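Subject: Structure for your review

Dear colleague,

Please find the structure below, followed by a short account of what was found in it. I would be grateful if you read the two side by side.

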Amino acid sequence: MAEDKTLLAHLAPMLGSSIENIAVEALGHILSTSKAALGAIEDLLKAGGAEVGTISPDVRTQASDEERTRPDLAGCDEHGVERVLIEAKFWAGLTERQPVTYLERLATNEPSVLLFVAPRARFEPLWSELRRRVVEARIDFVRNSNNGNLWTAEVGGERRLMLISWKSLLERMASRTSIAEDSRMEADIRQLLGLIQRMDEDAFLPLRSAELGPEVPRLILGLRRLLADAVERVRSDERVDMSGRRGNPPWYRYMRLAGAGVWFGISFELWALPEFRDTPLWLIIDDFGGDKTLKLSVDDVRRRLAPLRQEDPHGIVDEGNRLLVPISLPFGVEYDTVLDAVVKRFEYIAHLLDSSDAKS
């Protein structure tokens with residue numbers, strides 16, 4: 001199942017500010033109803049150096065105590081003693097009580113864990129802030145390991161502070177439920193993973209100093225020039241009709257290409273998606289709201305562009321009602337070579353759309 005196409009991921013934009021609460025409740029439901037998923041949590045804590053034993057399936061969400069601390073999830077052992085508190089973070093900052101009052105809620109004389117779950121891209125700034133607050137509260141912070149997607153530190157007594165990525169956590173849980181042959185629960189976990197990935201796509205990533213240097217704006221301005229020059233080169237092609245359609249120069253242009261409706265331009269949205277081809281330049285083919293002047297339907301285009309998929313499985317992305325065609329850019333070459341490559345690819349696609357073989 002492609003996580004980015006799950007039902008929850010599709011509904012995410014409609015959920016507004018409640019998305020984070022829904023994700024927390026979904027995780028709590030999974031852990032409370034799946035022994036395999038809960039076992040993945042126990043294995044994770046053990047891998048981080050905390051032998052907490054068996055966690056009761058009665059995992060509580062938003063569990064307050066007398067100090068009115070309210071972690072997202074709380075798990076107890078068979079004696080009802082809290083052994084793991086889970087705080088689900090996305091892109092919101094830490095609250096005033098995090099993590100110190102949560103750590104103070106855990107006993108120091110037996111293994112216990114405060115586990116933060118967050119996007120991998122946020123690890124460095126989040127871990128730095130967690131450490132700062134722990135140290136300022138005069139609690140020991142002995143960093144034990146930084147193992148990819150699981151970071152852990154000793155924070156006084158037998159307590160541990162851990163940080164894991166959403167993707168890593170949910171994939172561990174999905175793997176355990178798959179081994180247990182619980183296909184229904186595995187599907188639920190994949191749904192949640194799809195929602196998490198959609199939230200990551202829409203997030204504002206922490207800035208890095210190199211990204212604010214002159215290289216990035218020069219790259220963007222260079223791409224605008226590349227698109228403008230490519231449009232100027234292809235507009236004289238008899239298969240290209242730009243009459244009545246303008247778009248938003250210098251970012252994209254609408255056109256009829258060999259009778260098909262085409263959007264040709266720079267798509268930051270597609271460029272940002274990890275599952276698509278790494279390129280800012282795309283052709284998007286659809287029917288432009290049922291434009292009656294188009295000679296080729298999306299189905300016609302799909303058949304004519306079949307050679308693209310045969311040459312390269314990633315040469316076309318089929319979304320049903322529209323087709324996405326990436327225009328890959330060569331690396332380490334002069335501007336004219338890049339421009340020639342873009343125009344050559346455009347002309348090849350025009351040739352496929354206008355192929356006499358396809359018409360016969």
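One aromatic cluster is formed by Phe 123, Trp 127, Phe 141 and Trp 151. Rings of Phe, Tyr and Trp (its six-membered ring) pair if their centres lie within 6.5 Å; planes under 30 degrees apart count as stacked, over 60 as edge-to-face and the rest as tilted. Nine aromatic pairs are found in a search of the whole structure.

The model is predicted: local features need pLDDT of at least 70, side-chain atom pairs count only at pLDDT 80 or more, and totals for chains, interfaces and linings use all residues. Residues are numbered from 1 along each chain as its sequence is written, and side-chain values use heavy atoms, with hydrogens and water left out.

The protein chain comes to 13 helices and 13 strands (DSSP runs numbered from the N terminus: H or I of at least four residues for helices, E of at least two for strands). Of its 360 residues, 45% are buried, meaning under 20% relative accessible area with a 1.4 Å probe, protein chains only; exposed is over 50%, and partly exposed lies in between.

The largest nonpolar core has 39 residues, and Leu 31, Leu 170 and Met 173 touch the most other members. Such a core is a set of buried Ala, Val, Leu, Ile, Met, Phe, Trp, Tyr and Cys residues joined through side-chain atoms within 4.5 Å. The elements giving two or more residues to this core include α2 (19-33), α3 (35-47), α6 (166-179) and α7 (183-201). Its largest share, seven residues, comes from α7. Beyond its neighbours within four places in sequence, Met 173 is in contact (heavy atoms within 4.5 Å) with Leu 27, Ile 30, Leu 31, Ala 37, Ala 40 and Ile 189. Apart from this core lies another, of 37 residues, among them Val 231, Met 255, Ala 260 and Leu 305.

Met 173 is also one of the buried residues of α6, which include Trp 166, Leu 170 and Thr 177. After α6 comes Glu 181, whose phi is positive, near 60°.

Helix α12 (residues 335-353) has 19 residues and reaches 27 Å from its first C-alpha to its last, close to the 27 Å expected; the expected span is 1.5 Å times one less than the number of residues. Among the buried residues of α12 are Val 338, Val 342, Phe 346 and Leu 353.

Yours sincerely,
A colleague
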